[in-house]
Amino acid sequence: MTDVAIAGVGITRFGKFLDRGLRSLSEEAVAAALTDANATPSDVDRVYFGNAAAGVVTGQEMIRSEASLRHTGLAGVPMFNVENACASGSSALHLAWLSVLAGQSDCALVVGAERLSHEDKRVSFDAFARGVDLEEPRPAAVGQGGGSIFMDIYAAKTRAWMRGAGVTREDFGRVVVKSRRAASLNPIAQFREETTIEAVLASRMVADPLTLFMCSGIGDGAAAVVVCSARKARELGATPAWIRASCVVTAIPQDGAAPCAVRAVEAAYRQAGLGPRDLHVVELHDASAPAEMIHYENLRLCEPGGAAELLRSGATDLGGRVSVNPSGGLLSRGHPIGATGVAQVVECVQQLRGRAGARQRPNARVAMAENNGGQIGTDAAVAVVTLMTV
């Protein structure tokens with residue numbers, strides 16, 4: 001199998017930037033990634049551009065990459081627009097990996113970008129509301145909470161999971177405390193102020209048992225990575241991380257089907273010849289605080305029923321056995337949905353290079369990014385898992 005490298009990464013600050021658009025955010029991330037790879041636009045064979053909600057929030061449809069990147073020096077390069085809900089960015093990365101793996105590209109650029117904030121928050125919430133099957137009957141509780149419909153969906157999943165998981169609301173508070181502590185050390189994170197379990201539990205109830213601090217927020221940002229062959233990485237003199245597996249699965253809407261995240265991670269473990277005990281860093285899809293703990297089980301970081309014990313042990317904290325969401329994750333780094341999957345990979349690469357500063361997991365050699373998107377029935381519509389090593 002051809003070795004595929006991530007030769008460069010770039011990322012903007014995440015936050016609410018009503019004065020910036022997709023073009024401004026994308027240009028910043030692309031320039032940073034190319035510089036990091038010692039590359040120029042002339043090195044890029046193809047561009048894969050992940051964005052989920054521009055059509056709803058800004059009105060830009062159909063040519064999002066061409067419009068966003070027209071002044072970057074990449075005009076004329078083949079560009080592919082990738083929309084796959086919150087997994088848009090990681091899906092774009094998967095396609096770039098396939099392109100290099102197949103020998104179609106020597107150097108592909110992946111961009112994930114989102115301008116999700118809007119003067120009218122209802123517009124942002126409406127973007128999320130379109131990430132479900134609109135012809136599927138909506139459960140009665142969905143749409144009754146105080147945020148996006150996805151928080152109602154996550155809350156329903158959480159209530160069902162809690163019945164046999166041995167977890168408490170205080171555990172969800174612990175996740176947020178861990179997340180905010182990590183984000184306080186991440187200069188690009190949206191929410192950098194540390195908090196306490198008491199403050200998390202006292203924040204406004206959004207959808208029982210999820211309080212405001214347990215929910216990822218609305219934000220903007222962009223991230224980019226340069227994906228290339230081993231030969232091209234050597235030519236550039238880059239400091240590569242290596243993609244050992246990239247797996248995409250979609251929902252199977254029938255009783256008894258394993259969740260997307262489970263099927264994606266099992267496929268990735270097989271593809272890479274690795275297992276959960278090999279992992280040092282994991283960036284996972286914590287769109288809500290309980291989701292992090294549920295994914296401990298989905299990704300086999302612990303046995304079923306072991307999520308609370310794993311969290312309380314400190315093994316998933318900064319510097320722990322498997323540092324989970326050292327960037328701050330979606331909860332605190334932020335969740336500009338089209339950018340999220342690429343941002344996860346940026347953090348993994350920084351960790352593998354030993355360049356994560358105070359967030360660094362010592363001697364990190366193997367990292368995973370797990371990214372979900374949308375909703376079909378009771379499962380995510382899509383899940384993408386990427387495994388990387390140095």
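Buried means under 20% relative accessible area, exposed means over 50%, and partly exposed lies in between (1.4 Å probe, protein chains only). Helices (H or I, at least four residues) and strands (E, at least two) are DSSP runs, numbered from the N terminus. What you see above is a predicted model, where local features need pLDDT of at least 70, side-chain atom pairs count only at pLDDT 80 or more, and totals for chains, interfaces and linings use all residues. Residues are numbered from 1 along each chain as its sequence is written, and side-chain values use heavy atoms, with hydrogens and water left out.

**Helix α6**

Let us start with α6. Which residues of α6 are buried? They are Ile149, Phe150, Met151, Asp152, Ile153, Tyr154, Ala155, Thr158, Trp161 and Ala165. The cover over these buried residues includes α5 (121-129), α7 (169-183), β5 (205-207), β6 (210-211), α11 (289-298) and α12 (307-313). With 17 residues, α6 reaches 24 Å from its first C-alpha to its last, close to the 24 Å expected at 1.5 Å a residue; the expected span is 1.5 Å times one less than the number of residues.

**Cores**

A nonpolar core is a set of buried Ala, Val, Leu, Ile, Met, Phe, Trp, Tyr and Cys residues joined through side-chain atoms within 4.5 Å. The largest one here has 65 residues, and Leu279, Val282, Met293, Tyr296 and Met368 have the most contacts inside it. Helix α6 (residues 149-165) gives the most to this core, with 8 residues. Another core, of 33 residues, lies apart from it, and includes Val9, Ala96, Trp97 and Val227.

Contact means heavy atoms within 4.5 Å. Not counting residues up to four places away in sequence, Leu279 touches Tyr269, Leu301, Arg321, Val322, Val366, Met368 and Leu387. Helix α11 is mostly covered, with 10 of its 10 residues buried; among them are Met293 and Tyr296.

**The largest pocket**

On a 1 Å grid over the protein atoms alone, a pocket is an open set of points where a 1.4 Å probe fits, with protein on both sides within 12 Å along at least five of seven lines; lining residues have an atom within 4 Å of a point. The largest pocket has a volume of about 660 Å³, counted as the space filled by probe spheres set on the points. It is lined by 32 residues, of which Lys157, Pro259, Thr378, Asp379 and Ala380 lie nearest its centre. Two or more lining residues come from each of α6, α11 and β11 (366-373), and α6 gives the most, with 6 residues.

**A closer look at Ser68**

Ser68 sits in helix α3 (residues 64-68). Is Ser68 buried or exposed? Ser68 is buried, because its relative accessible area is 3%. A polar atom of its side chain lies 2.7 Å from the backbone oxygen of Arg64. Leaving aside neighbours within four places in sequence, Ser68 is in contact with Leu22, Arg23, Ser26, Glu27 and Phe49.

Most residues other than glycine have a negative phi, and most peptide bonds are trans.

| Residue | Phi |
|---|---|
| Ala85 | positive, about 55° |
| Arg300 | positive, near 65° |

Ala85 is in the loop between β3 (79-82) and α4 (88-101), and counts as partly exposed because its relative accessibility is 22%. Arg300 is found in the loop between α11 and α12, and at 39% relative accessibility Arg300 is also partly exposed. Finally, a cis peptide bond joins Asp208 and Pro209, with omega about 10°; Pro209 is in the loop between β5 and β6.

Methods: Polar contact = N/O pair within 3.5 Å; in protein donor to acceptor, adjacent residues only side chain to side chain.
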